[in-house]
Amino acid sequence: MAFKVGLLGLGTVGTGTAEILANPAQRHPLLQELEIYRVGVRSLEKPRTVPLASNVLTTDLESIVTDPAVDIVVEVIGGLEPARSLILQAIAHGKHVVTANKAVIARYGDEIFTAATNAGVYVLIEAAVAGGIPVIEPLKQSLCANRLYTVTGIVNGTTNYILTRMQTEGSDFDTVLADAQRLGYAEADPTADVDGFDAADKIAILASLAFGGRIKLPEVHREGIRQITAADIAYADKLGFVIKLLATAQRNVEADETINQPDRLQVRVHPTLLPKTHPLASINGVYNAVLIEGDPIGQVMFFGPGAGSGPTASAVVSDILNIAAILKVERGAAVQPNGQPLLDPLLACSHQHYCTITPIDELVTRFYVRVLAQDSPGVIGKLGTCFGNHNVSLESIVQIGLRDNRAEIVVITHHVREGNFRQALEEISAFEGIATVSSVLRVL
Ligand SMILES: NC(=O)C1=CN([C@@H]2O[C@H](COP(=O)(O)OP(=O)(O)OC[C@H]3O[C@@H](n4cnc5c(N)ncnc54)[C@H](OP(=O)(O)O)[C@@H]3O)[C@@H](O)[C@H]2O)C=CC1
Ligand SMILES: N[C@@H](CC=O)C(=O)O
Ligand code: NA
């Protein structure tokens, strides 16, 4: 039983998505039941890096969202229109939808989710916030037992890249922005990123999920990073802070005191001085992270790539699989061959085979070894030779001092096979001049 995917867009994210769908080996087995049925693009002439049958590509995107054969529509064309209309049309035709489009969801989420609820279809949006980092699903599922207080994120990679370079190089905003544009990290028109619009869209979506209500985007306070100078960053650094563009959604504390009152929230995006010890302070470059605080979980942080073809496609495809899993249960008349109910393949743990685990001897790693030896000429040479005989290459070998009248020697190996290392160590332990092998630790 194949589930037919209608992909709208074959750019950065669409191509990453098609690549995963076309290469299901060693991923979740349910992927083998997905078929790229149609792909909608603007130009049929553009060269494509994913091999697709000639009848799959079309410029008629409406024909995809209205095609009765399509089960799941994936919208990765971006922009507001025609993306919004195509999503609504897909819903009206009973399709489930996956989208990476935070701009559309932050502005038209109310209209889209109301239509989806009425039509009994899902609209999943994991890729729309923090790209490949799972944050939407944890908010909806894994953390749903918690009363959440705060969601704080570095959710825009472009501005984090610019601020990180300003911090490490002492350069000013304009210089780093121009360089980021030259390197392709920032768009030619950087407004959405540097003025905080993209982060505002994302925090509006996160706030809505964390606090269970819709958010009016114009009510999100928004400041960007254009006004940040090298001097601000240097002063902040001296005082023990880094400057980050933070997106924050916070439950108002007074409202918490009377738990039955409707929540009052603060939802805002602005540059913020963060103590260097704060968990978000070390998130640098294009990376994103989202810190969620709640009761009883305390703090939990999600970190990773917030954009890029593969990472964003990872989120898109996981949403597609979530929908396919539900469809599989529904369509399988909900019974297994043994007559028992068919379970959601992503929630159930139905593997039947045992995996082959390799013995620790086959591990390839670095080692740290500390030995106590007679302080006599040639000991270090003997150690080195023995390791060499077993194909254990050394990164360093030093005598660090004397302990109990013995020479204390520390060895760090290169990456070596554990079995070889252990054989060498066994021989070394038996050497006449070796008193003790005091410690052996693996080095990452
Ligand atoms: N890039 C990233 O890292 C991330 C992107 N996103 C979101 O994912 C979405 C897609 O982004 P991205 O892949 O970068 O965008 P791209 O510009 O790389 O790709 C857009 C694709 O959509 C097609 N397209 C655009 N407009 C139309 C139209 N009117 N009719 C038909 N086809 C159209 C283009 O066709 P053609 O190829 O013929 O030009 C292209 O294949 C956006 O909403 C973005 O915000 C989210 C997280 C990260
Ligand atoms: N422009 C965004 C990428 C997509 O969400 C960013 O810089 O983080
Ligand atoms: Na995500």
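How far does a backbone N or O atom of Gly-157 lie from an oxygen atom of ligand 2? The distance is 2.7 Å. This is a predicted model in which local features need pLDDT of at least 70 and side-chain atom pairs count only at pLDDT 80 or more, while totals for chains, interfaces and linings use all residues. Residues are numbered from 1 along each chain as its sequence is written, chains are lettered from A and ligands numbered from 1 in the order in which they are written, and side-chain values use heavy atoms, with hydrogens and water left out.

**The largest pocket**

- The largest pocket holds about 1,600 Å³ of space. A pocket is an open set of points on a 1 Å grid over the protein atoms alone, where a 1.4 Å probe fits, with protein on both sides within 12 Å along at least five of seven lines. Its volume is the space filled by probe spheres set on the points, which are joined across faces, edges and corners.
- The lining has 50 residues, and Thr-12, Val-13, Gly-78, Lys-102 and Glu-187 lie nearest the centre of the pocket. A lining residue has an atom within 4 Å of a grid point.
- Helix 1 (12-22), helix 4 (102-119), helix 6, helix 8 (191-194), helix 9 and helix 12 (309-331) each give two or more residues to this lining. Helices (H or I, at least four residues) and strands (E, at least two) are DSSP runs, numbered from the N terminus.
- By class, 20 lining residues are nonpolar, 19 are polar and eleven are charged. Here Ala, Val, Leu, Ile, Met, Phe, Trp, Tyr, Cys and Pro count as nonpolar, Asp, Glu, Lys and Arg as charged, and the others, Gly among them, as polar.

**Ligand 1**

- Ligand 1 sits in the largest pocket, meaning that more than half of its atoms lie within 2 Å of the grid points.
- There are 22 residues around ligand 1, and Leu-10, Ser-43, Lys-46, Arg-48 and Gly-308 come nearest. A residue is near a molecule if one of its heavy atoms lies within 4 Å of it.
- The shell of ligand 1 divides into ten nonpolar, eight polar and four charged residues.
- Oxygen atoms of ligand 1 make polar contacts (pairs of N or O atoms within 3.5 Å) with a polar backbone atom of Ser-43 at 2.8 Å, a backbone N or O atom of Gly-11 at 3.0 Å and a polar side-chain atom of Lys-102 at 3.1 Å.
- On its own, ligand 1 has 900 Å² of accessible area, and the protein covers 78% of this. Accessible areas come from the Shrake-Rupley method with a 1.4 Å probe.

**Ligand 2**

- The space taken by ligand 2 is also the largest pocket.
- Around ligand 2 are Lys-102, Asn-156, Gly-157, Thr-158, Asp-193, Asp-198, Lys-202 and Ala-307. One is nonpolar, three are polar and four are charged.
- Helix 6 (157-169) and helix 9 (197-211) each supply at least two residues of this shell.
- The side chain of Lys-202 has an N or O atom 2.9 Å from an oxygen atom of ligand 2, and a polar side-chain atom of Asn-156 lies 3.4 Å from an oxygen atom of ligand 2.
- The protein covers 79% of the 250 Å² of accessible area that ligand 2 has on its own.

**Backbone features in loops**

- Glu-81 and Pro-82 are joined by a cis peptide bond with omega about 10°. Pro-82 lies in the loop between strand 4 (72-75) and helix 3 (83-92).
- A cis peptide bond, with omega near 10°, also runs from Asp-295 to Pro-296. Pro-296 lies in the loop between strand 11 (287-295) and strand 12 (298-305).
- Asn-391 is not a glycine, yet has a positive phi of about 65°.

Technical notes:
Polar contact = N/O pair within 3.5 Å; in protein donor to acceptor, adjacent residues only side chain to side chain.
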